[in-house]
Amino acid sequence: MLVETGHFALALALALSLVQAVLPVWAARSGEPALRQATVQAALASFACVLFAFAALTFAHVTSDFSVQNVVENSHTAKPLIYKISGVWGNHEGSMLLWILILTLFGALVAVARNAVPPVLRANTLGVQGFITFVFVLFLVTTSNPFARVSPAPLEGRDLNPLLQDAGLAIHPPLLYVGYVGFSITFAFAVAALIDGRIDAVWARAVRPWTLAAWSFLTLGIAMGSYWAYYELGWGGWWFWDPVENASLMPWIAGTALVHSTVVMEKRDALKVWTVLLAILTFSLSLLGTFIVRSGVLTSVHSFAVDPTRGVFILAILVLFIGGSLTLFAWRAPLLRQGGLFAPISREGSLVLNNLFLVAACATVLVGTLYPLLLEMLTGDKISVGPPFFNATFIPLAVPLLLIVPFGQALAWKRGDVLAAAQRLFTALALALVVGLAALALTWGGPVLAPVGVGLGAYVIVGAALEIVGRARGYGANRARSAGVVARRAFGLPRSAWGTALAHAGVGVAVIGIAAQGWATEALATLKPGGTLASGSYVATLDRVAPRSGPNYEETAAFLTIRDRDGHVIGHLDTGKRFYPSRQMAVTESGLLTVGLSQVYASLGEVQPDGVGLRLYYKPLVLLIWLGAAVMAAGGGLSLTDRRMRVGAPVRAKVKPLPGAVPAE
Amino acid sequence: MSRAGLKSICLAACLAAGLGTAAAVQPDEVLKDPALEHRARAISAGLRCLVCQNQSIDDSDAPLAKDLRLIVRERLKAGDTDQGVEDYVVRRYGEFVLLRPVFGLHTVLLWASPLLAILLGGFGIWRLARRRTPAPERRLTASEEAEIAALLKRE
């Protein structure tokens with residue numbers, strides 16, 4: 001019964017979202033502000049409906065209601081509770097429902113965020129948002145109904161893909177979706193601005209928190225996915241340039257560019273048309289990501305949908321939103337007033353450069369991901385575009401970008417002074433050189449690029465710190481003399497300044513972690529109990545191999561003791577091979593031992609009578625990669641708490657309608 | 001990750017065939033000469049596992065990947081250069097096997113894409129920076145003027 005009610009709630013959400021889409025247009029036509037106000041209620045109501053539907057599906061999963069097709073295909077009575085819950089979005093239908101839930105949640109947030117958004121802009125934005133919701137709910141109920149019943153109900157479910165039965169999966173998709181879908185708000189704002197034919201600093205200010213929030217969540221989501229792949233797949237890589245990974249990286253890069261261009265727009269009233277285009281492109285790439293993942297064009301564990309009708313529907317959605325919004329852009333963008341000039345040597349100039357390199361990097365990833373598909377379609381030639389291509393093209397674009405980061409921060413708005421900026425950055429450059437040379441000396445004979453990367457990371461981090469120090473100390477006559485004043489002023493700086501510095505420092509931290517992987521070592525051997533294997537500065541001893549059983553799997557586990565070269569015990573870890581009888585699948589569980597920021601990583605290979613295959617990696621400073629991403633997201637979060645993000649345009653609703661005045665829109 | 005998917009598919013295939021589980025490079029495949037083995041690993045990382053999705057033979061569990069790894073090592077032992085080994089594999093399996101696409105007429109747009117993007121963007125910025133005259137201020141509409149007048153009256 002609850003399942004049917006959930007289904008009904010979804011149908012209700014479909015109707016409500018259509019109402020939400022139509023109301024602002026009607027309000028503009030009839031000039032009736034009450035209609036505009038009703039958009040807010042519609043957004044809240046459709047969120048409530050989708051939330052109910054999602055709760056109903058979750059209930060069916062938790063109670064193992066095997067009369068529901070979706071539960072049969074993805075659940076099992078013996079599955080631990082946490083995976084019964086995460087199993088709700090571990091499949092196509094459920095993940096789309098989660099996508100829509102987040103979509104309507106954002107709609108509801110825009111609806112209640114009264115101070116931040118001018119009423120007309122809010123209503124139009126909610127209208128666009130309502131239309132997106134309508135199309136996606138339509139997709140769900142017509143092609144991918146999560147509430148479909150099955151009769152007769154089987155006694156047991158088919159269980160969730162074992163690779164997905166992991167705490168990482170419980171968090172990875174929701175974070176990623178909040179990021180993806182969060183950009184729908186920016187998109188809706190952009191389309192609303194195009195419809196309105198007006199865009200200004202108020203728009204930029206209204207959009208910025210949403211962009212920043214979406215970006216922060218996407219950062220965390222990608223980092224989480226990367227860490228999950230690192231420990232779950234068992235061969236120690238953290239990024240594979242896999243099409244599905246690229247699909248999440250592209251909106252992230254475009255979103256990063258967007259976060260920066262909205263700043264320019266807010267401060268300098270420049271780059272307006274570009275920002276609108278970027279907002280459209282970012283969400284388009286999010287949609288493309290959804291398409292790449294779900295259409296079955298690229299088969300993978302993420303491609304829950306291999307049904308061609310769904311593929312066609314998704315393609316239609318893509319054409320509608322991407323094509324539609326770009327057409328609207330081409331038609332309406334000339335109406336938007338171009339404002340604010342910028343000098344090449346200024347902070348806005350450097351932010352333009354930042355956008356140039358980010359967009360070029362994004363375009364490279366896009367071309368690299370889609371090129372094999374297009375080439376095969378056009379000429380029949382089959383080629384592969386793999387990690388060597390992306391490393392060769394992406395890194396040369398990323399390095400100049402990293403070099404500009406502290407530079408841009410050291411330049412003033414409007415007109416900057418390169419020499420003064422370089423002087424201010426002297427400390428950063430000197431320190432980076434020292435760090436790089438020290439790393440080179442310590443690892444003499446090792447790879448040369450790793451110390452260069454570490455130096456680059458150090459430069460970005462010190463540059464971020466200098467930004468805070470510089471601003472706190474002040475310039476010219478205002479220059480503080482005592483350290484106490486500088487410290488006091490530093491604490492008085494707006495939180496967005498701290499957030500920016502933190503996010504930039506996070507980039508540097510991640511760069512150091514990535515560069516340090518040049519020093520990673522790998523060893524491989526067949527071991528009998530008592531045998532040893534050395535990798536880097538660590539030695540692993542195989543203590544024993546023993547069977548183990550979990551709630552829904554059988555496991556062969558190898559227990560290792562890790563010692564340093566002098567024979568002191570550092571710790572223990574175990575790695576195993578799990579077999580899930582319900583799916584007839586085996587999964588490697590890697591064993592990790594964290595030593596400071598580095599990790600010893602073991603992965604079990606073939607188990608044979610004469611010994612077990614064992615792979616041992618030493619991953620120096622590897623945790624910095626994800627820690628850096630977390631610091632970046634924290635920087636975004638800190639900026640969000642800035643007062644300026646919350647105070648916005650005055651509320652017009654409190655003013656009585658003016659007699660005789662015609663509404664401006 | 002699609003690698004996860006393939007890994008599972010490969011594993012499932014291995015299990016179904018009764019081969020037991022396998023994981024990437026096996027200890028028995030490793031060459032005695034560390035320098036030669038190092039070269040073999042580097043070459044393997046650039047060759048695609050043909051039955052997998054975007055996975056190198058160095059990472060793959062598939063039996064076919066194992067065969068290819070052995071071929072690479074055999075050719076190296078026979079004295080081939082790195083390029084020679086690659087050419088040998090490409091002759092047998094086609095260009096699809098290379099994870100780093102060769103530069104040619106059919107891939108020129110692919111390899112040029114970063115440069116093209118920078119040039120195109122740079123041109124756009126140059127045009128934007130050159131436009132010295134600011135656009136004229138937008139005039140307020142009559143309704144906006146009326147609104148301001150009304151607001152001022154209320155003050």
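This is a predicted model: local features need pLDDT of at least 70, side-chain atom pairs count only at pLDDT 80 or more; totals for chains, interfaces and linings use all residues.
1. Basis. Local features need pLDDT of at least 70 and side-chain atom pairs count only at pLDDT 80 or more, while totals for chains, interfaces and linings use all residues. Residues are numbered from 1 along each chain as its sequence is written, and chains are lettered from A in the order in which they are written.

2. Helices α16 and α17, chain A. Helices here are DSSP runs (H or I, at least four residues), and strands are E runs of at least two, numbered from the N terminus. The axes of α16(A) (residues 449-473) and α17(A) (residues 483-492) come within 8 Å and cross at roughly 110°. Axes are lines fitted to C-alpha atoms, over the stretch in contact for helices; angles run from 0 to 180 degrees between N-to-C directions. The two helices are therefore roughly perpendicular (65 to 115 degrees; under 35 is roughly parallel, over 145 roughly antiparallel, the rest oblique).

3. Sheet, chain A. Four strands form an open sheet in the order β1-β9-β8-β7, with antiparallel pairing. Pairing needs at least two DSSP bridges between two strands. The edge strands are β1(A) (521-527) and β7(A) (591-595). Twist averages 15° from one strand to the next. β7(A) pairs with β8(A) (residues 598-608) over five bridges. One of the bridge pairs joins Gly591(A) to Ala602(A) in β8(A).

4. Helices α3 and α4, chain B. α3(B) (residues 63-77) and α4(B) (residues 82-93) pack at about 135°, with axes 9 Å apart. They are therefore oblique to each other.
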